[in-house]
Amino acid sequence: MCTGACSKFIAIPLYVLALVSVICNIILFFPDFQTKYAAEDRDGKDRITEEVKYMGGLIGGGIMVLIPAIHIHLTSADKCCANRCGMFLSIGFAAAGVFGAIYSLSVAALGLANGPTCLFMEQGEQIWGTPFVSSNGSYLGNKDLWDICLEPKDVVGFNVSLFSTLLVAAGLELILCLFQMVNGLFGCLCGTCSGGKE
């Protein structure tokens, strides 16, 4: 497979993964699919999980991967960047995508390890906080513990599913961007097989 065609093969999944990351990050702001928790969070009371506010999926897995994906896709076109210079630049863009994917991966892993912010009982009174923060992620294997969170409804499953999706998406983005760095190097040295000027 020539390096130009390989770039197209890499770019298209990156578009999808970037979109998935952005959507997951936005949805995480609305636990139980309600806006009231995001609105209450603005008053200085934590109602949204802290790791959601780091916007790993929006900034890291979204924007920082989408921009490289556009350039990587252009290196597969007959014009514009389908040359040695374009492939060389794709190495730098792919490296930016690697950093974005690592950021998204780190935030998602931290979000899974610490668990969600929710209303729970502690010493006979209801408080907002992160009841699983010191569990090192052990709550993930014990669904009986998930009932500790009283509000938002099913917030643990909500967070686990979305942060897990972000984790997988970021992992795939990382692999694809690393692969494009290698592909870009070969494209820079050998050309893009586009048949035009290299």
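Cys118 and Cys149 are both buried. Buried means under 20% relative accessible area, exposed means over 50%, and partly exposed lies in between, with a 1.4 Å probe and protein chains only. A word on the source: this is a predicted model, where local features need pLDDT of at least 70, side-chain atom pairs count only at pLDDT 80 or more, and totals for chains, interfaces and linings use all residues. Residues are numbered from 1 along each chain as its sequence is written, and side-chain values use heavy atoms, with hydrogens and water left out.

Back to the cysteines. Cys118 and Cys149 are joined by a disulfide, S to S 2.0 Å. The term covers a pair of cysteine sulfur atoms within 2.5 Å. Which parts of the chain does the pair link? Distant ones: Cys118 is in strand β1, and Cys149 is in the loop between β2 and α6 (155-190), 31 residues apart. The torsion about the S-S bond of Cys118 and Cys149 is about -60°, so this disulfide is left-handed. The structure holds 1 disulfide. Two other cysteines are worth a look. Cys6 has 7% relative accessibility, so Cys6 counts as buried. Cys177 has 0%, so Cys177 is buried too.

Now the strands. Helices (H or I, at least four residues) and strands (E, at least two) are DSSP runs, numbered from the N terminus. β1 (residues 118-122) pairs with β2 (residues 125-129), antiparallel, over 5 bridges. Pairing requires at least two DSSP bridges between two strands. Leu119 faces Trp128 of β2 across the pair. The two strands make a hairpin with 2 residues between them, and Gln123 in the turn has a positive phi of about 50°.

Next, helix α5, residues 84-114.

Last, the surface. Tyr54, Ile59, Met64, Phe99, Tyr103 and Leu110 make a nonpolar patch of about 530 Å². Helix α5 gives the largest share, 3 residues. Tyr54 sits in the loop between α3 (50-53) and α4. Tyr54 is partly exposed, at 36% relative accessible area.

Questions, please.

How values were computed:
Patch = residues over 30% accessible without salt bridge, like charges linked within 9 Å, V, L, I, M, F, W, Y side chains within 5 Å. Areas by Shrake-Rupley, 256 points an atom, 1.4 Å probe, with all protein chains shown as cover. Salt bridge = Lys/Arg side-chain N within 4 Å of Asp/Glu carboxyl O.
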